[in-house]
Amino acid sequence: MRVYNFSAGPSMLPLEVLEKVQKNLVDYEGTGTSVMEMSHRSKPYDKINDDAHTLLRELMHIPDNYSIIFVQGGASMQFEAVPLNLAHSSSCAKGDYIVTGNFSGKAYKEAKKYGDMVEVASSKDKNFTYIPKTSAESFRSDADYVHICYNNTIFGTRYDDVPDTGAIPLVADMSSCILSQEVDVSKFGVIYAGAQKNIAPAGVTIVIVRNDLLGQESPLCPTMMKWAVQVENKSLYNTPPTFSTYVASEVFAHLKSIGGVKTIQKINEEKAKMLYDFIDQSSFYKNPVEKQYRSLMNVPFTTPTQELDASFVAEASKQGLISLKGHRLVGGMRASIYNAMPVEGVKKLIEFMGKFELENK
Ligand SMILES: *Cc1c(COP(=O)(O)O)cnc(C)c1O
């Protein structure tokens with residue numbers, strides 16, 4: 001039996017995609033071989049790779065002056081790739097960071113090894129329950145880039161608007177929100193995202209980069225991390241994560257078939273609204289995030305006590321609602337309701353929450 005999996009990542013994939021992949025697992029479209037066994041230099045893989053790039057461009061309306069790459073290493077490797085690629089060819093990049101949670105904190109920490117990094121704003125004073133306000137004047141005028149995390153997976157916040165950084169390229173970690181809502185790519189210099197939240201199994205990472213920012217690496221930058229090298233080689237510089245790229249292309253095709261990002265955004269807003277409305281009308285459950293900045297994807301919540309939280313997670317799991325335990329930094333529960341979580345799954349969760357409240361109030 002399939003359960004509703006609220007894991008923050010790796011997370012659910014659309015059932016239609018899993019079934020299609022299963023059908024093609026042993027013999028991919030009559031090639032007599034699985035994608036896992038296929039040379040990344042073969043014709044069929046070339047098509048998979050091209051499809052993945054083309055479909056993502058279409059879904060996100062990525063302008064022509066941006067390149068897309070599919071690489072290994074996770075979003076975490078990009079924490080270092082960002083300062084190493086955006087160094088204006090010096091060995092000392094200048095980056096301004098807005099720290100809104102765990103991952104942006106990690107990105108900042110890694111970047112500090114490669115240059116002159118400044119934490120320009122942070123929401124740590126209120127345990128990352130909001131997004132700090134900034135303006136173009138908040139940043140150093142000679143910064144190479146400004147780095148943000150668009151959706152904070154652990155703390156359940158998101159930007160409600162793209163911050164203004166003037167002429168300084170904006171770099172955004174979108175690991176936990178890519179393709180969940182429409183974004184204007186032209187407002188960003190670089191967008192990157194690990195696939196295992198909204199796109200594919202773990203293994204592939206997506207980087208979208210404005211072409212004028214390519215080729216300015218620090219001399220320290222490892223070849224494998226150079227975006228320009230990956231762009232020149234159409235993401236085939238070395239052996240790419242072929243299977244996750246293949247599943248990504250199937251997820252993209254599926255998303256396109258249901259109406260694209262606009263459609264899934266409506267569904268995501270509906271799911272998030274149902275859950276937040278339920279939490280807000282209850283005196284039993286609480287979500288700590290300032291309403292304006294509530295994430296569409298990750299919803300942390302608590303019951304009145306830690307004992308009840310633990311019992312909630314255990315009982316929910318028995319009902320086929322799994323992986324609801326909150327991150328250790330926040331406690332309580334967290335429901336990650338990514339693109340592939342059906343509306344029905346959120347309804348089931350709310351139904352369970354209602355029952356649990358009545359039994360434990
Ligand atoms: C999951 C996550 C990461 C870490 O991704 P890896 O692919 O495991 O390196 C980074 N940033 C955000 C926002 C995430 O949600």
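Predicted model: local features only at pLDDT ≥ 70, side-chain atom pairs only at ≥ 80, totals over all residues.
Figure 1. Local features need pLDDT of at least 70 and side-chain atom pairs count only at pLDDT 80 or more, while totals for chains, interfaces and linings use all residues. Residues are numbered from 1 along each chain as its sequence is written, and side-chain values use heavy atoms, with hydrogens and water left out. You will find 9 helices and 13 strands here (DSSP runs, H or I of at least four residues for helices and E of at least two for strands, numbered from the N terminus). The C-alpha atoms fill a box of roughly 60 × 55 × 30 Å along the principal axes.

Figure 2. Asp173 brings a side-chain N or O atom to 2.6 Å from a ligand nitrogen, and Gln196 places one 2.9 Å from a ligand oxygen. A polar contact is a pair of N or O atoms within 3.5 Å. The ligand taken alone exposes 390 Å², of which the protein buries 86% (Shrake-Rupley areas with a 1.4 Å probe).

**Figure 3. The shell around the ligand.** Thirteen residues surround the ligand, and Ser76, Thr153, Asp173, Gln196 and Lys197 are the closest (a heavy atom within 4 Å counts as near). By type, the shell holds 4 nonpolar, 7 polar and 2 charged residues, with Gly counted as polar and Asp, Glu, Lys and Arg as charged. Helix α3 (residues 74–85) gives the largest share, 4 residues.

**Figure 4. The loop holding Pro10.** Between β1 (4–5) and α1 (15–23) runs the loop with Pro10. The peptide bond joining Gly9 and Pro10 is cis, with omega about -10°.

**Figure 5. The loop holding His61.** His61 lies between α2 (43–60) and β2 (66–71), and its phi is positive, near 50°. Most residues other than glycine have a negative phi.

Key: Polar contact = N/O pair within 3.5 Å; in protein donor to acceptor, adjacent residues only side chain to side chain.
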